[in-house]
Amino acid sequence: MDLSVRTGVVAVAVPLLVVTVAACQSSTPSQSADTGVVSVASSDESCEVSAADAASGVVRFAVSNTGSQVTEFYVLGEDGLRVMGEAENIAPGLTRDLVVQLPPGSYQLACKPGMTGDGIRSDFAVNDSGVPMPTSDDDSAVIERATANYAAYVRDQSDQLLKDTKEFAAAYQAGDDDTARALYAPTRMHWERIEPVAESFGDLDPILDAREADLEPGQKWTGWHRIEKDLWPPRSGYQPLTQKQRDKLAEQLVTDTTTLADRTQDLTFTADQLGNGAKELLDEVATGKITGEEEAWSHTDLWDFQANLEGAQVMYAGVRPVVADRNPKLAATLDEEFANIQSALDRHRRGDGFVLYPDLTPKQIRELATSVDALGEPLSALTVTVLQGR
């Protein structure tokens, strides 16, 4: 199965419609102008799309499940994270329609046979048709769509977190520490992207994500950071965990992550949660990642930084049409500062990841902190703009 990197996500679907299919993955370059419908055939091993592009405005996808597993289909933003639309629970042999309103731009399409993982992805372009996109008269519809899409995003991230956690835990239990160390930061990015939601479960957050420095007297230490210390132990004075202790920690991690994934399946969100959540994620960067406190043993804080930023961007992007209409200056500022902070972070990329936190100089840390502050101030105005208007 061809799996392209990064995350995926979800949205709205409609009834059925039968289709014919062409191409494979990236599909044929032909337009869907004849029928106005983009056909998608989702099998267990492929995601065949009849057109590589469409005109902006209302775009209709007819998704046929030609495989043996229940499947899902997603239209994602260019970043591969933001959900523009999703058709869920398509049983083998059935076809469903997904209707989404897409502005000009670049997108990703993803079939997800078995409804887990990143899915099978391909690029999709939307060309400018001249059709106007929603205006202020449609603000309530925009917000409704944004909250629904965000719920789908959370489900998708938690599902991917669970899948990757199982792989991580298996490697750790098997004593394959090199693999476990390689999986640690990328797997945690799913958690970090939806951190405000994950933390909202007061019983799960401390057993999954507690740091050693934050433990209260008598508190049992489990979860990600307990395993992190065992994989990146201190140079002296550390007693490695026994196989029995490893098994118990790994199994508990999977069990608790399964509970998290189950609980996120039916969550719904409101506009203020999107606005506040974006700010919360940036605050997480400011208080834990920019200081190097979150990943005290692995020093993979910049992976968390990137994930927090991506989660905030997803929340902002959903309500951006409303912000752009009500406060164009704020929207322009947020666009600029999101770009600036990403540019600042990109300067520390190494291969598929980032430099370790101790490799940053004090000057580089200050530069990152400055970019966080520059975004934090306008981001604090997001919620009130969405809720109260001009």
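Student: What should I know about numbering and confidence before I start?

Tutor: Residues are numbered from 1 along each chain as its sequence is written, and side-chain values use heavy atoms, with hydrogens and water left out. The model is predicted, so local features need pLDDT of at least 70, totals for chains, interfaces and linings use all residues, and side-chain atom pairs count only at pLDDT 80 or more.

Student: What is the strand order of the open sheet of five strands?

Tutor: Strands here are DSSP runs (E, at least two residues), helices are runs of H or I with at least four residues, and both are numbered from the N terminus. Two strands pair if DSSP finds at least two bridges between them. In this open sheet the pairing is mixed, and the order is E3-E9-E8-E5-E6.

Student: Which are the edge strands?

Tutor: An edge strand of this sheet pairs on one side only.

Student: Is the pairing of E8 and E9 parallel or antiparallel?

Tutor: Strands of a sheet pair through backbone hydrogen bonds, in either sense. E3 and E9 run parallel, joined by three bridges, and Ala-55 stands opposite Asn-127 in E9. Over seven bridges, E8 and E9 pair in a sense that is antiparallel.

Student: At about what angle does H1 run to E6?

Tutor: Axes are lines fitted to C-alpha atoms, for helices over the stretch in contact, and angles run from 0 to 180 degrees between N-to-C directions. Contact means heavy atoms within 4.5 Å. H1 lies across strand E5 (71-76), E6 and E9, and its angle to E6 is about 65°.

Student: Why does Asp-177 count as buried?

Tutor: Asp-177 sits in helix H2 (residues 177-193). Not counting residues up to four places away in sequence, Asp-177 touches Leu-231 and Arg-246. Asp-177 counts as buried because its relative accessible area is 19%.

Student: Is His-299 buried, partly exposed or exposed?

Tutor: His-299 lies in the loop between helix H7 (271-289) and helix H8 (301-326). Most residues other than glycine have a negative phi, yet His-299, not a glycine, has a positive phi of about 60°. With a relative accessibility of 26%, His-299 is partly exposed.

Student: Which hand does the disulfide of Cys-47 and Cys-111 have, and why?

Tutor: A disulfide is a pair of cysteine sulfur atoms within 2.5 Å, and those of Cys-47 and Cys-111 are 2.0 Å apart. The pair links distant parts of the chain, with Cys-47 in strand E2 (residues 47-49) and Cys-111 in strand E8, 64 residues apart. Both cysteines, Cys-47 and Cys-111, are buried. The torsion about their S-S bond is about 55°, so the disulfide is right-handed.

How values were computed: Buried < 20%, exposed > 50% of the residue type's maximum accessible area, 1.4 Å probe, protein only.
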